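Hello,

Please find the structure we talked about below. My notes on it follow.

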Amino acid sequence: MKITVFGATGGTGLELLRQGLDRGHDVTAVVRNAGRLPADLRDRLDVIEADIMNPATIAPAVKGRDAVLSAMGSRERGPTTVQAGSITAILAAMRQEGARRLLMVSAAGLEADAGDGLFARYVLKPLIIQRVFRHSYADLARAEGLLRASDADWTIVRPARLTDDGLTGSYRTARDLSVRGGFRTTRADVAHCMLELIGDRTSVGHVVSVAT
């Protein structure tokens, strides 16, 4: 399978690269600076250095791909447009090249719903998490809205709080609801879940929550 990863130098992005290669996929990493990729990965990947916000420069990275995976994110607590801007560019490039399948990492804290327990639904998410991360969540909400309005075969993946504890393979998922009692997810499990979802046509047009 041919896949392209945006946000490839972040924690989840690196897991997508490693696990994708381990599965035998043909993996392309789109980065601003190839020097940030680990040396043991660079020789096994197709690497494209590009302005991720410019559809023209990233179009070659999505041409002929079976799936495009976005693990973009912002490390800043202030106002940001990284998610919405990158998804806008990725969607434009995919339309130009006729690519269809797109999976994006979002965040479980973005919404409180019936899948949450009472504490998470009425206290933790609305009064704590959504206030602390209000700028990045506003950006994520815009990015999700752009995906929902597009004609791409999209899936939004919402992990709980991310950790670097490694692959467990015992994560839980829920479709269009939060995972009850799911307070953390390893980045490796998020990557595993996304790679599994590529070929799952029933996940197209849905939000998949994941928690380790």
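**The sheet and its helices**

An open sheet is formed by eight strands in the order S3-S2-S1-S4-S5-S6-S10-S8, with mixed pairing. Strands are DSSP runs of E with at least two residues, helices are runs of H or I with at least four, and both are numbered from the N terminus; two strands pair if DSSP finds at least two bridges between them. At the edges are strand S3 (46–49) and strand S8 (172–175), each of which pairs on one side only. Direction ignored, neighbouring strands of this sheet are turned by 20° against each other on average.

This is a predicted model: local features need pLDDT of at least 70, side-chain atom pairs count only at pLDDT 80 or more, and totals for chains, interfaces and linings use all residues. Residues are numbered from 1 along each chain as its sequence is written, and side-chain values use heavy atoms, leaving out hydrogens and water.

S8 and strand S10 (residues 206–211) run antiparallel and are joined by four bridges. Arg172 has Ala211 in S10 as its bridge partner. Helix H4 (residues 82–97) packs on the sheet and touches strand S1 (2–6), strand S4 (67–70) and strand S5 (101–105), where contact means heavy atoms within 4.5 Å. The direction of H4 makes about 170° with that of S5; axes are lines fitted to C-alpha atoms, for helices over the stretch in contact, and angles run from 0 to 180 degrees between N-to-C directions. Helix H7 (residues 187–197) also packs on the sheet, and its direction makes about 160° with that of S5.

Regards
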